[in-house]
Amino acid sequence: MDELKIAGKTFSSRLLIGTGKFPSNDSMRDAIESSGAQIVTVALRRVDLSKEEGDILSYIDRNRITLLPNTSGARDAKEAVMLARLAREAGLSDLVKLEVAPEPRYLMPDPVETFKAAEILVKEGFIVLPYINADPILAKKLEEIGCATVMPLGSPIGSNRGIKTRDAIAMIIEQSNIPVVVDAGLGAPSHAAEAMEIGADAVLVTRLSP
Amino acid sequence: MKIVLNGNEKEVSDEILLSTLLSEIGIDEKGTAVAINGEIVPKKTFHGKKINAGDRIDLLRAIGGG
C-alpha cells in the first residue's frame, strides 16, 4: 500500500489512534505500539494541581509518533484557536485536530465555527485537520482554504454505530484532493474496513467504551 | 501576594518568576503551556516573566483524548 501524506509528512500507517479511553497509560502505550499507528491524538487540559497525574507524554515515543493535539472542549472558534496555540506553545505539534462542539449531548461539530477557526489557524501556519460532519460542501471549502485533511464523522462520537454517513463520505472522497480521514463512530474492525473500502485515506479510532 | 492558579486562589511570594512558580509546584516546563490573564506566555519568556498580584494563571498539559 502506498503511503499516507499529510501536509508533506509521510506515514506508512493509515490508522490514527485516540488516547481518550484507556484504563491506564501502560495499556495506552501497548495499544499504540501494537497498532503500528504513527499519529496519536491528545487533548490539552488545565493541570489538576490537587493530585499527582501521570504524564501521558512519557508513554508516547515521539521519535516514532506524531502527536495530533485536538481542540476538544472548545465551544466556538475563539476557544479552539486558543487551544491550538497553547498546544503549539507547549511544544506538542503544529498539527491540530480542529474540533468545535458546542452541544454536549452528541458532540456534533459546529460547521460555521470550525470554518472560522480553520481560516485563522491555517494563516498562522498550523497544519489543520478539521473534524466535521460528513458534508461535501464544507469539506471542499475547508480544502480550498488550506486544510491538510478533512475528518468526516461516521456517526456521533462514542456511539460505535459505524458509518451512517456512507454516501456523503463517498462524495467527499470523490471530490477531495486532500486525505480524508474517517473519524468518530467506528466501533468495530469491520467499520474501519468499510471506511477503507469506500476509499478513505485513513481512519481514527480509539478504545471502545467497556 | 495572591494569584489565581488554575481556578484556585494561591498565596505566592511577591514578584515571583513564572519559572520559579512552576518549579515550586513541581510542574515540568517541558510540555506545559501557560496563559496569564488569558494571554499565552511564549515558552522562551518563562524565565524572565514576573507574576503580579491577582494574575490569573492557567497551566495546561496534554491528557488522553480523541
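In helix H5 of chain A, residues 166-175, the buried residues are A:Ile169, A:Ile172 and A:Ile173. These three sit on the same side of H5(A), because the arc they cover around the axis is only 95°. The other side of H5(A) has exposed residues, A:Asp167 and A:Glu174. The structure is a predicted model.

A buried residue here is one with 20 or more other C-beta atoms within 10 Å of its own C-beta, while an exposed residue has 12 or fewer. What covers the buried residues of H5(A)? The cover includes two helices of chain A, H4 (136-144) and H6 (189-198). It also includes two strands of chain A, E8 (151-152) and E9 (181-183).

The next part concerns chain B. Chain B contains 5 strands and 1 helix. Read from the N terminus, the order of elements in chain B is β-β-α-β-β-β. Chain B is as compact as a globular protein of its length, because its radius of gyration of 12 Å is close to the 11 Å that the globule rule gives for 66 residues. The C-alpha trace of chain B spans about 40 × 25 × 20 Å along its principal axes.

How much of chain B is buried? Of its 66 residues, 23% are buried. Among the contacts with a separation of 6 or more in chain B, 56% are between residues 24 or more positions apart.

Note on methods
Residues are numbered from 1 along each chain as its sequence is written. Chains are lettered from A and ligands numbered from 1 in the order in which they are written. This is a predicted model: local features need pLDDT of at least 70, side-chain atom pairs count only at pLDDT 80 or more; totals for chains, interfaces and linings use all residues. Helices (H or I, at least four residues) and strands (E, at least two) are DSSP runs, numbered from the N terminus. The radius of gyration is taken over C-alpha atoms; the globule rule is 2.2 Å times the number of residues to the power 0.38. Two residues are in contact if their C-beta atoms, placed from the backbone, lie within 7 Å. The arc is that of the directions from the helix axis to the C-beta atoms.
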